[in-house]
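Trainee: Please take a close look at one part of this structure, a pair of packed helices. I would like one connected account of how they meet.

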Amino acid sequence: MEKKKQRIGLYICHCGGNISDYVNVEEIGKLMQKEDGVLISKDVMFTCADSNQKDMIQDIREKNLDAIVVASCSPKLHLHTFQEVAKRAGLNPSNYVQVNIREQCSWPHSDKPKDATMKAVGLIQAGVKRVAYSESLENIEVEVKSTVLVVGAGISGMRSSIELARLGYEVYLVEKESVVGGHVAELEQVFMSGQNGKKIINDLYEQVKSYSNITLFTNAVMENVSGSIGNFSVDVRIKPREEISGQKEETLTLHAGAVLVATGFDPYQPKEGEYGYGTMPSVVTLPEFNEMIRNNPGKLVHNSRQIRKVSFIYCVGNRQNKGENKYCSRHCCTSTIHTSIQIREKYKDITSFHLYRDIRTYGKQEVLFEKSSRQGDIYIRFDEKEPPQIEQQGKKTLIRVTDYLTEKRELELEADLVVLVTGMEARKDSTDISAKFKIPIGNDKFFNEIHPKLKPVETVIKGVFIGGSCQGPKNITESVQSSLAATAKINALLGSGKIQLAPIIARVNQDACTWCGKCAEVCDYDSLVKTTAANREVALVNRATCAGCGICAPVCPENAIDLAQYTDSEIESMIDGFMMEIDPGEIGKAEAAVEKEVLQMREYPQMWKNILSTLNGGKKTIPEMAEELNEKKELVTYHVMTMNRYGAVVPAGMDEDEEYYYYSIKN
Amino acid sequence: MSDTKSSPRILVFSTDTISDPGIDQAGQRKIHYSPSVYVISLPCSSGIKPRWIMHAFEQGFDGVFIAADGIECSYNHKCAEYTNNIIVETQQMMKDKNINPKRIRMAALCSVCAEPFVNHMENFSRILVELEN
């Protein structure tokens, strides 16, 4: 165990009043100087400002600080900023702790400044205690291959392969089917551009063929996957093509630095009898209807009968309150309306009835809804509790539906064809692919990203990315956007030939471990394996594959596992820090933080000094100051407002011509 | 007397990428909750050790709330099950120490669950006050 840190630097941020309007940071700064192990305690206007970062670097070097704590905003905003500060000063970034006294203190407790101040003391004490037990950790450096495995040669996989090839990577494009293109190749027209789906795919296929650094494998199924980020090893079984005689099945082992999974989706297949599907000949799914349109150039004919009335029933197999598919498939409303416009243009004498629950033609797709309405399409809204009933009476197909737009009137429609608007489902083989690459899947069986907003194409498996609709329902544009986002992430990852992995991984105390195997049982990433040390069976962590979740730690009966940066000492000392009793009197007149006219700061930020130098005893407007400092007006405005709030400057009349206030230094 | 003294002290274990951003959002939106709520963020709720929870009770916390990821957990689809196992194990330890097992709670919170978090804190505080009476 490393020596407990005894030379800690603490920086408490005013955040221009966002914190110090409610929390008496100045008094806390003084109080914390007495804290065990704290060498420096400062309150600073903006800890993230360049000037303060420079001061911190100077402090670390001159005072030989062995750890730093910044009490400011959420670590999601500035954790990396201050880790870099530590690095630049020669301090290990793991010896840094950020304490969130803004989002989790001054803001939610702005109604109780005194209590907010007390809480901030506890949070900061916890941060100081935690950092005292911090260890100097080194990033895990891994060499990476400049080769990418792209799984799935649909539009997303092909588009990404072309971009990766352009960037100079060797690309293995693996497709399970005998042809490329996936579902896009099946579309007569795609919305919004109206292009032919097959033509789009053919054009991409020509581009794929033109790159010598793309190797396309069709009829190829992945077998074993091993290795980890930088060097995955994937066995691909290539089945012989029926049209080529004498071809034999073979298995190749491909090595890749990163993997992009773009395996797409399966269309929902209605159960037999669902809305009459499979039992009534006039009931088809939307993909089947699209195929019908492709194959009927002049007249739309089904079962030797010309189709003049088409009824679309929306949300089949999607948005099921009681079923498994609770999600909306996003593309199907627009796709259906686009199909309706397409058949009117192609076959003229045809009427469409849309039996829908909600219409979700979001964004620019709304113009299609408008166009469909103008061409005379009829929209009838039903509720999931009262779904349309289909009945076959001789050759007639009748639909009974309760229309929620006309006070629940019962309507009866006759249809030549009933089209079930089926959405997307996760591919049937998604669990198999998930098991091979260890990609987490959700209850809906689609692959899970790390975070839908912050890390939307990354998985917890380092080096494995997801793109397109294998992650969840998406239209073509969104699928390509996500796979290209993954492409950019792969390029950022593999570009330098080496990668640095965060050191937050599980560690086994092999002296305490008695190898019961429980840790390996719960680890989804096979990162814990049995090994022998000092003639005893013990657990060993694979540093490259460990996802850093810590799931293995609580199941260890010997408490022999901990997660770096989340050790017992660190967490328990934080709890101690929260609960340390503080005499409110020690904080001084805490509530006065919001009442004081002038707060004394140890030192003004550099920008304030610059602004004060421009005033030089006189008065200036904000645009004049900004021009003189060659800074943006918005930035100068922000600082001048804060300086005014803190009494560093005061308004000094108005420039009547320009209608700007003058400011001068407060005496 | 300040609220930090009169309100039950609650320790929340949140998760870095899902529930902690939801708690942050409560602050960003200036939705008020008790200042006696303290948060420790971890990668995954399945990594919470029972001994940490017991340590919190020993140090004087009145309740421990686990803001789990539930089905949104990016590490493991069994996260809720594993976290629940941790709670069950801890509750046994609590019984052995005569601590009411109702003093620990778990709920799934997402990255935009600001109001649900605040509601959970209010409800849990109420329960903890009732346990004192």
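Mentor: H6(A) passes H12(A) in a right-handed crossing, meaning that the near helix is turned clockwise from the far one by less than a right angle. This is a predicted model, in which local features need pLDDT of at least 70 and side-chain atom pairs count only at pLDDT 80 or more, while totals for chains, interfaces and linings use all residues. Residues are numbered from 1 along each chain as its sequence is written, and chains are lettered from A and ligands numbered from 1 in the order in which they are written.

H6 spans residues 155–166 of chain A and H12 spans residues 476–494 of chain A; helices are DSSP runs of H or I with at least four residues, numbered from the N terminus. The two pack at an angle of about 35°, with their axes 9 Å apart. Axes are lines fitted to C-alpha atoms over the stretch in contact, and angles run from 0 to 180 degrees between N-to-C directions.

On the H6(A) side, the residues that meet H12(A) include Ile155(A), Arg159(A), Glu163(A) and Leu164(A). Among those they meet in H12(A) are Ile476(A), Val480(A), Leu484(A) and Ile490(A). Contact here means C-beta atoms, placed from the backbone, within 7 Å. By class, this contact has 7 nonpolar, 6 polar and 2 charged residues. Ala, Val, Leu, Ile, Met, Phe, Trp, Tyr, Cys and Pro count as nonpolar, Asp, Glu, Lys and Arg as charged, and the others, Gly among them, as polar.

Methods. Contact = placed C-beta atoms within 7 Å.
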